[in-house]
Amino acid sequence: MSLTNATPLEVAKAAQVGSRRLAVLSTDERNAALTAIHKALADAKDEVLAANKQDLEDANKAAAGGTLSQSLVKRLDLGKTGKYEDMLQGILDVRDLEDPINKTTARTLLDDNLILSRVTCPIGVLLIIFEARPEVIANISALAIKSGNAAILKGGRESSHSFAAIASTISRALSSTAVSSDCLQLVQTRDAIADLLKLDTYIDLCIPRGGNELVRYVKTTASIPVLGHADGICSTYLCPDYPAEKATKVIVDAKVSYPAGCNALEQLLVNEAALTTTLPAVAEALLAKGVSLRCDPASLSALKEKLDAHSASLLQEATETDYATEFLDLILAVKTVKTVDEAITHINAHSSHHTDAILTLDAPTATAFLAGIDSSSVYWNTSTRMADGQRYGFGTEVGISTNKIHSRGPVGLEGLTIYKWTIVGDAQVSAEYGAGGKKWKHEVLQDEGVARNEEEREVLRKFRAGKA
């Protein structure tokens with residue numbers, strides 16, 4: 001990885017050349033690079049955390065002065081218990097996954113000795129623009145190298161010391177591997193983003209990771225495809241049949257475990273039959289954790305009747321704006337609904353299509369919810385905080401996508417690949433086929449083997465018949 005002050009055009013051109021070299025490296029060569037990065041970052045932990053501490057000090061001053069949000073400060077802290085270790089483990093997890101490129105996913109016999117194949121390949125050059133989150137550099141580096149993609153990274157100034165320390169460490173590690181430094185570039189020029197977003201000749205995909213303002217700016221400015229999400233307005237629908245103890249466990253995790261996360265719970269929809277049964281226990285637990293509950297009239301009335309005077313005094317009235325807000329804080333909007341259909345309608349209208357969940361013991365109700373919610377991840381009886389590439393078994397993730405093309409939800413290795421079509425023939429030409437000419441066979445070839453002609457197919461038929 002190189003830290004560069006080159007012009008955006010120079011960076012993009014170098015990345016494109018690097019991507020083509022990376023795409024043809026062997027699996028072992030790419031894996032060896034990830035092993036080297038893991039070791040280098042493990043050895044440099046003290047150096048990286050010292051740089052991160054400096055960023056945190058500067059960020060806290062900025063937050064105190066009102067120029068930086070507290071949610072960004074929380075995302076910046078790489079010294080949080082287990083966070084650095086999770087970053088390191090993510091590199092190894094990605095390394096140990098199956099190679100996602102050069103896999104044949106479909107084959108068709110067009111004619112004798114004429115085979116069409118669909119083969120996975122890298123996207124090419126990725127542009128990653130992000131705020132805070134210094135671990136993103138390690139995550140992206142691992143995913144990009146494993147998937148054969150070059151990556152241009154542009155971080156926010158609030159993490160500049162952390163970025164520089166991690167990037168320098170990765171650069172030293174790659175110097176002894178087959179991966180060129182041009183494959184991973186950390187851009188330091190402040191005004192580079194606008195120009196990079198226009199370089200669709202060289203950059204194939206942009207993935208913004210940050211707040212609503214950043215993502216919307218990228219989506220409205222870019223000339224290249226954008227993969228990501230602007231908000232994380234996640235909802236959970238609580239049904240009356242779901243046990244209070246389990247509901248409390250799931251909802252507290254979804255709201256409290258990491259309020260600044262894009263997969264944190266922001267809205268709790270409650271079936272009216274659960275207002276005086278399950279909801280009071282859930283509300284008590286949330287209030288005990290310091291969560292502010294903004295309730296609609298029905299839930300507010302029910303809770304004031306059931307909770308003690310002190311807890312009831314903490315409740316707030318919700319406004320319509322609360323149901324369209326990503327709080328990224330210990331605040332939760334509560335709304336009453338009568339049916340699962342009403343819950344589905346509300347969520348589809350107010351959520352950001354990131355992650356939504358239902359808590360119920362009734363399979364038909366859950367099935368209707370899973371089918372009806374138009375989000376990238378939809379859960380039954382678990383926390384919205386499960387929306388994460390590492391938890392999905394992707395090793396790590398490049399981000400969360402709410403797009404409806406190419407990749408959706410946590411984006412891991414598979415989401416960073418595309419495919420190409422190859423044909424292997426024997427001097428066939430298009431003019432031989434069609435009206436009055438040869439006929440296409442268009443036979444789907446099974447995974448068990450590929451027969452190139454009638455003779456080989458007959459051998460394969462006999463082999464399969466013998467197995468039967």
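## Overall build

The protein's secondary structure amounts to 16 helices and 18 strands, taken as DSSP runs numbered from the N terminus (H or I over at least four residues for helices, E over at least two for strands). This is a predicted model, in which local features need pLDDT of at least 70, side-chain atom pairs count only at pLDDT 80 or more, and totals for chains, interfaces and linings use all residues. Residues are numbered from 1 along each chain as its sequence is written, and side-chain values use heavy atoms, with hydrogens and water left out.

Along the principal axes, the C-alpha trace spans about 85 × 55 × 40 Å. Of the contacts (heavy atoms within 4.5 Å) between residues at least 6 apart in sequence, 74% join residues at least 24 apart.

## Surface and charge

Of the 468 residues, 53% are buried, meaning under 20% relative accessible area with a 1.4 Å probe and protein chains only. The protein exposes about 20700 Å², and carbon and sulfur atoms supply 51% of that area, computed by the Shrake-Rupley method with a 1.4 Å probe.

You will find 49 positive and 59 negative side chains here, with the centres of the two sets 3 Å apart. Lys and Arg count as positive and Asp and Glu as negative, while His and the chain ends are not counted; each charge is placed at NZ of Lys, CZ of Arg, CG of Asp or CD of Glu.

## Cysteines

How many disulfides does a search of the whole structure find? It finds zero, a disulfide being a pair of cysteine sulfur atoms within 2.5 Å. For C206, the nearest cysteine sulfur is that of C262, 16 Å away; C206 is buried, at 0% relative accessible area. For C295, the nearest cysteine sulfur is that of C239, 18 Å away, and C295 is buried too, at 2%.

Notes: Buried < 20%, exposed > 50% of the residue type's maximum accessible area, 1.4 Å probe, protein only.
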